[in-house]
Amino acid sequence: MGNAVHPVARVPNWGTMRTPDQWNRTYAQMRENDFVTIPSYVASEQTFPMTQLRQTRTAENERIMTAKLYYSTDYCGSYDLDAGAFTGVHCALDLKLPLGTPVGAVAGGRVQYTGSNERLGVHVIVEHRHPTDGIFFSIYAHLGSVSVRAGQDITAGQVVGIVGMTGETSAPHVHLQIDRRQNGETVPHTPHVFASAPDS
């Protein structure tokens, strides 16, 4: 998956927002100054208690809150903003984004599947072939709609859909999952689900 890119270009500055009227706006309702560049993922900051960050509103705490809210569920995390990676069975990153945010492919590849199910809602699966490391799949779930079709070749960053609230979700976000192809796997790829938290 050479030349991988982030699936969105910018995110709302969640840490500075204080009311539901501010954070419940759609992507189209956000203003230019509501957005910041993609926050860095710093594992140690993901476990800072949110209650402590809210008590002292400094620019640094707001930056950390924005990152914690954006990376709202860690890889193999539990559904708790203060939990870190390898504390649960969630085999993806949940990225908190406003409804309607365009979501791009993390790398070039071929769309293997577009559809919907009860758990992931509307989702897209893209197959990526790495010259030495094999085949990977990127999965983009809980979308509101898709803008690609199965069999279509796409480039890194090309929009595959927009953020929605489909499937098992309580807030707008994109479930971003990267799976490696397993030997003997059939087509289309079935996104991996963990029965228990894997070791870190």
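Author: Asparagine 61 is found in helix H4, where helices (H or I, at least four residues) and strands (E, at least two) are DSSP runs, numbered from the N terminus. This is a predicted model, in which local features need pLDDT of at least 70 and side-chain atom pairs count only at pLDDT 80 or more, while totals for chains, interfaces and linings use all residues. Residues are numbered from 1 along each chain as its sequence is written, and side-chain values use heavy atoms, with hydrogens and water left out.

Asparagine 61 has a relative accessible area of 16%, and it therefore counts as buried, a word that means under 20% relative accessible area, with exposed meaning over 50% and partly exposed in between (1.4 Å probe, protein chains only). Leaving aside its neighbours within four places in sequence, asparagine 61 is in contact with Gln52, Leu53 and Thr56, contact meaning heavy atoms within 4.5 Å.

A nonpolar core is a set of buried Ala, Val, Leu, Ile, Met, Phe, Trp, Tyr and Cys residues joined through side-chain atoms within 4.5 Å. The largest one has 31 residues, and Tyr70, Leu97, Val124, Tyr140, Val160 and Val174 are those with the most contacts inside it. At least two residues each come from helix H3 (50–55), helix H4 (59–70), strand S7 (121–130), strand S8 (134–146), strand S10 (159–163) and strand S11 (173–180). A second, separate core of six residues includes Leu120, Ile125, Ile135 and Phe137.

H3 and H4 each also supply at least two residues to the lining of the second largest pocket. A pocket is, on a 1 Å grid over the protein atoms alone, an open set of points where a 1.4 Å probe fits, with protein on both sides within 12 Å along at least five of seven lines, and its lining residues have an atom within 4 Å of a point. Twelve residues line this pocket, and Trp14, Met17, Trp23, Arg54 and Leu69 lie nearest its centre.
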